[in-house]
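Here is a model to talk through together. The questions below ask where its labels come from.

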Amino acid sequence: MKKRNIPFGYQYQNGTIITHPQEVTVLNRIFSEYQKGMSLLEIASCLNDENIEYQPGVTGWNKSRIMRLIEDERYTGKDGFPAIIDERTHQATVEMKAQKNTQHSTDRSAEVFHIEVPVICPACGSEMNRRHDSRFKKCQQRWICSNADCRTVIHKADSHLLDDITVLLNRLIVNPELVQIPVESAHEPSAPIHKAENEIARILDTLDYDKNTLRKKMLECVSLKYADIGSASYIAHRLKAALADAEPLSAFSLPLFKRTVQAIHLGKDGTVSIKLMNGQTVGKDDENAAGNGNAQESGAEDTRQNQHR
């Protein structure tokens, strides 16, 4: 096989190195798909399936070839080559590849891998991705923003994250009255409901109405009324009941977490707050939680201390 005499993404024109438009498109796609979570092998397979050429007449994409492209610093404009990938994107992608290489021995049965709710970036509100790197001695876990224009990094050990969530859940278990129940206001039935009720009234006003027609119209009206009922109050009451029935936690409870929490928010300093199923956010310094006295704080701290004994 003839080897390329110039990196993928470039071509010669009158003795000068310039970018190759079609190959630049493929390069940008490779970096983008890798950052979105596709593996090197998956990217190579897609390119081969689409018969995208690595060089004229040749496909031959594989894991190693994709890896070399990602690691090639010339795409940032080094060694006299025109820049194709900005340095920030290139560095973030290379770091991501290095982090993936350190995760082969990770225990995927750990509870942190079963937390399926989004972890939200404090800077831009995008979802964050967990990364583990055993080369870091102090804290091997990091959360990195998935937004390429943000890339905020927060160091937060798995054990500390789960401990902080447990503290917040215990605060709610001790006092489920912290759950905010929406005030139910008078609800005006929708136009389709009014129409169905009027049709039922007209049917009943006739002397010889068809019972099957009436039954069908009544079922339609009931269905419309059920669909018109707001779910916010029901969700809040169900959340409150789940917390009221729970015993104070001595360790993180994944089942209770799944029933009560829909998102995790990380502060830039690593502080944790949780967004409950009713849309309410509770954090360490939450005003409502702070108003419940020191007993809850003390109980939560006792739980944390017991876990580390």
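Q: What share of the contacts between residues at least 6 apart in sequence joins residues at least 24 apart?
A: In this predicted model, the share is 55%. The chain has 309 residues, of which 40% count as buried, and its secondary structure comes to 11 helices and nine strands.

Q: Why is Ile-144 called buried?
A: The cut-off for buried is under 20% relative accessible area. Ile-144 has 7% relative accessibility, so Ile-144 counts as buried.

Q: Where does Ile-144 lie, and which residues is Ile-144 in contact with beyond its neighbours within four places in sequence?
A: Ile-144 belongs to strand β5, residues 141–145. Leaving those neighbours aside, its contacts are Gln-99, Glu-127, Met-128, Asn-129, Arg-131, Arg-151, Thr-152 and Val-153. As for Ala-92, which is 52 residues away along the chain, its C-alpha atom and that of Ile-144 are separated by 9.9 Å.

Q: What makes α2 and α3 roughly perpendicular to each other?
A: Their axes cross at roughly 105°, and angles of 65 to 115 degrees count as roughly perpendicular. The two helices are therefore roughly perpendicular to each other. On the α2 side the contact is made by Leu-40, Leu-41, Ile-43, Ala-44 and Leu-47, and on the α3 side by Lys-63, Ile-66, Met-67 and Ile-70. By class, that contact has eight nonpolar, no polar and one charged residues.

Q: How do the axes of α1 and α2 cross, and which residues meet there?
A: The axes of α1 (residues 21–35) and α2 (residues 40–49) come within 10 Å and cross at roughly 145°. The crossing of α1 past α2 is right-handed. From α1 come Val-26, Arg-29, Ile-30, Glu-33 and Tyr-34, which meet Leu-40, Ile-43, Cys-46 and Leu-47 of α2. Sorted by class, the contact of α1 with α2 has seven nonpolar, no polar and two charged residues.

Q: How do you know that α5 is largely enclosed by the rest of the structure?
A: Count the buried residues: 14 of the 17 residues of α5 are buried, so α5 is largely enclosed by the rest of the structure.

Q: What span does α5 reach, and what span is expected?
A: Helix α5 covers residues 158–174 and reaches 24 Å from its first C-alpha to its last, close to the 24 Å expected at 1.5 Å a residue.

Q: Why is Asp-164 called buried?
A: This residue lies in helix α5. Its relative accessible area is 15%, and since buried means under 20%, Asp-164 is buried.

Q: What makes the phi of Asn-14 worth a look?
A: Most residues other than glycine have a negative phi. Asn-14 has a positive phi of about 55° although it is not a glycine. Its place is in the loop between β1 (10–13) and β2 (16–19).

Q: Where does Asn-51 lie, and what is its phi?
A: Asn-51 lies in the loop between α2 and α3. Its phi is positive, at about 55°, although Asn-51 is not a glycine.

Q: Why are Asn-14 and Asn-51 called exposed?
A: Exposed means over 50% relative accessible area. Asn-14 has 78%, so Asn-14 is exposed. Asn-51 has 59%, so Asn-51 is exposed.

Methods: Residues numbered from 1 in each chain as written. Predicted model: local features only at pLDDT ≥ 70, side-chain atom pairs only at ≥ 80, totals over all residues. Heavy atoms only, no water. Helix = DSSP H or I, 4+ residues; strand = E, 2+ residues; numbered from the N terminus. Expected span 1.5 Å × (residues − 1). Buried < 20%, exposed > 50% of the residue type's maximum accessible area, 1.4 Å probe, protein only. Axes fitted to C-alpha atoms, helices over the stretch in contact; angles between N-to-C directions. Left-handed = near helix turned anticlockwise from the far one by under 90°. Contact = heavy atoms within 4.5 Å. Nonpolar A, V, L, I, M, F, W, Y, C, P; charged D, E, K, R; others polar. Parallel < 35°, antiparallel > 145°, perpendicular 65-115°, else oblique.
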